[in-house]
Amino acid sequence: MKYALLERGDSLSHQLSEQFHHLAKERGFIIDKDSPELVISIGGDGTLLQAFHRYEPLLDKVAFVGVHTGHLGFYADWKKDEIDTLLDLMHTSEPQLVQYPLLDIVVTCDEGTTHFVALNEFNLKSVNGTLVAALHINDEPFEVFRGDGIVISTPTGSTAYNKSLGGAVIHPSLEALQIAEIASINNRVYRTLGSSVILPKHHHCDIVTQPTDLLHISVDHLVMQMTGVNSITCSVSDRKVTFARYRPFPFWNRVREAFIGSPKQ
Ligand code: NAP
């Protein structure tokens, strides 16, 4: 088994990664940063986002496993004291490979297009104040948004920024994207739907901005500023991310444990 490991950089994550390498070597696993079969992330969901973007070109070949060194993660579901168990299972059993939908983002400028893929979400704001953007769904004008910004998330990203905005939590077996508003201006002059919108795989949305606007764009943890943007198209990607599951941990149990806590007896 060839693997690569990324860790958050804090002392506990570093210590656990040393432990992982030691136990992996004993079991005959080989470190291969360039073409791993398995990518191990030790830290939190943020660390897994970094691992995802590092290995995004190899998505059809790699599976991810996340170990958390803080609170329970949505992508990082192994605890810090379970490294031995994880290595034993990796050595003795075949994982269940589960695949989750991703978001495709195409930014169109006069000079051409830039393509991104997100595991959590795409977020658009204006650097210089209120974002004004026309939203089209399947090439039909839908609304003109005025406000702080727009977040378009994947099902697994629905528990992240999207949830803070009051968006719905979506099971990752549903191939969908969700559009959520950040503080839209709604009065007798300006009007948007107000609630989040969920699009199925075969739909797409375009966000049309003024090319003169300086835009703040983030794709997961990656942040950039762009100007000269004519439109941004979002759709459910044809590609998927694969996670190696060595034991079951149903999505709704993660949601309950992360946001509600264990059920009372
Ligand atoms: P960060 O600001 O250091 O961490 C954001 C938090 O979101 C962390 O607690 C992280 O968990 C958690 N998180 C990430 N993905 C998640 C998911 N799919 N479900 C539930 N929680 C999740 O930023 P970062 O570590 O670079 O992560 C970037 C992410 O931050 C973005 O993708 C966005 O979703 C999120 N974010 C949220 C808000 C908000 O809720 N108001 C605002 C901006 C960005 P860990 O502690 O396990 O890493």
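1. Contact here means heavy atoms within 4.5 Å. By that rule, and leaving aside neighbours within four places in sequence, Asp45 is in contact with Gly73, Phe74, Tyr75 and Ala76.

2. This is a predicted model: local features need pLDDT of at least 70, side-chain atom pairs count only at pLDDT 80 or more, and totals for chains, interfaces and linings use all residues. Residues are numbered from 1 along each chain as its sequence is written, and side-chain values use heavy atoms, with hydrogens and water left out.

3. UniProt, in an unreviewed entry, places the feature "active site" at Asp45. UniProt positions are in the numbering used here, feature names are shortened, and annotations may be inferred rather than shown by experiment. Asp45 is found in helix α2 (residues 45–54). Helices (H or I, at least four residues) and strands (E, at least two) are DSSP runs, numbered from the N terminus. Asp45 is partly exposed, at 21% relative accessible area. The classes are buried (under 20%), exposed (over 50%) and partly exposed in between (1.4 Å probe, protein chains only).

4. Helix α1 (residues 11–26) has 16 residues and should span 22 Å at 1.5 Å a residue; its end C-alpha atoms are 23 Å apart, which agrees. The expected span is 1.5 Å times one less than the number of residues.

5. Buried in α1 are Ser13, Leu16, Ser17, Phe20, Leu23 and Ala24. They cover an arc of only 130 degrees around the axis, so they lie on the same side of α1. The arc is that of the directions from the helix axis to the C-beta atoms. These buried residues pack against β1 (2–7), β3 (38–43) and α3 (83–92).

6. The face of α1 turned away from the buried side carries exposed Ser11, Gln15, His22, Lys25 and Glu26. Just after α1, Gly28 takes a positive phi of about 85 degrees.
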